[in-house]
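Here are some exercises to work through with the model open beside you. Try each task before reading its solution.

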Amino acid sequence: MTTVHRSARAIVAVSERLVLTRPQEGDVEAVFAVHGDPETNRYNPHGPQRDLAQAREMLDGFVADWVRDGVGYCAVATREEPEVVIGFAGLCLYTLDGEQVFNLYYRFRPSAWGAGYAAEAARAAMAEALPRFPGVPVTALIRADNLPSRRLAGRLGLVADPDGRVDDEERVIHRMA
Ligand SMILES: CC(C)(COP(=O)(O)OP(=O)(O)OC[C@H]1O[C@@H](n2cnc3c(N)ncnc32)[C@H](O)[C@@H]1OP(=O)(O)O)[C@@H](O)C(=O)NCCC(=O)NCCS
């Protein structure tokens with residue numbers, strides 16, 4: 001008898017090595033594994049998530065973004081192990097100084113760093129979403145000392161605000177050139 005394995009996850013995009021899916025109910029442990037790790041929050045003044053309740057709150061927000069806007073952050077896995085979430089990346093709509101923009105987001109398990117996965121996931125998410133929202137600019141809010149993130153933003157084509165503008169959490173506003 002042949003067993004058909006089908007993923008219940010809603011696929012957003014597939015790239016050379018990765019599969020991006022909509023965050024779903026059961027992802028709370030994956031959210032916590034990525035966001036509860038001190039290493040992934042070295043530059044975050046709020047620190048890592050402390051418990052699953054905080055992860056649940058974040059996941060609920062991720063899910064709600066997709067329901068409301070038809071776009072949002074994605075769970076990222078490798079094509080080899082599509083059920084193992086290695087990080088989160090993607091775009092969500094928000095209002096910056098009265099303008100509707102996308103926020104570009106990426107946060108990965110340290111074990112997945114240094115392989116180009118964050119860049120590949122961000123590119124795949126942008127390629128999927130941007131044609132559906134023409135004219136909406138891509139921004140990223142990154143603390144000045146978070147050099148790994150700023151390097152990645154630069155590789156993706158974002159530049160720091162020339163006037164050094166920051167948001168209300170002192171994060172430098174980067175924008176797609
Ligand atoms: C920011 C973050 C996602 C970057 O992860 P990353 O894995 O270093 O980023 P990339 O996917 O761009 O990987 C690029 C690195 O992998 C290396 N690499 C190895 N194989 C590669 C491949 N096939 N393709 C591309 N790069 C590859 C590159 O040389 C590059 O190294 P470098 O950054 O030293 O130049 C990661 O540090 C992170 O999760 N940080 C914590 C969360 C965070 O701060 N998020 C941003 C909040 S604003």
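A residue is near a molecule if its C-beta atom, placed from the backbone, lies within 6 Å of it. This is a predicted model: local features need pLDDT of at least 70, side-chain atom pairs count only at pLDDT 80 or more, and totals for chains, interfaces and linings use all residues. Residues are numbered from 1 along each chain as its sequence is written.

**Exercise 1.** Find which residues surround the ligand and which are the closest.

Solution. Start with the shell: 18 residues surround the ligand, and the closest are Trp113, Gly116, Ala118, Ala119 and Ser149. Next, find the elements giving two or more residues: β5 (99–108), α3 and α4 (147–155). Of these, α4 gives the most, with 4 residues. Helices here are DSSP runs of H or I, at least four residues, and strands are runs of E, at least two, numbered from the N terminus.

**Exercise 2.** Check the span of helix α3 (residues 117–129).

Solution. The expected span is 1.5 Å times one less than the number of residues. For the 13 residues of α3 that gives 18 Å, and the end C-alpha atoms are 18 Å apart, which agrees.

**Exercise 3.** Work out the order of the strands in the sheet.

Solution. Count two strands as paired if DSSP finds at least two bridges between them. The 8 strands then form an open sheet, β1-β2-β3-β4-β5-β6-β8-β7, with mixed pairing. At the edges, β1 (11–14) and β7 (158–160) each pair on one side only. Now look at β6 (residues 138–142) and β8 (residues 172–176): they run antiparallel, joined by 4 bridges. Here Ile142 stands opposite Val172 in β8.
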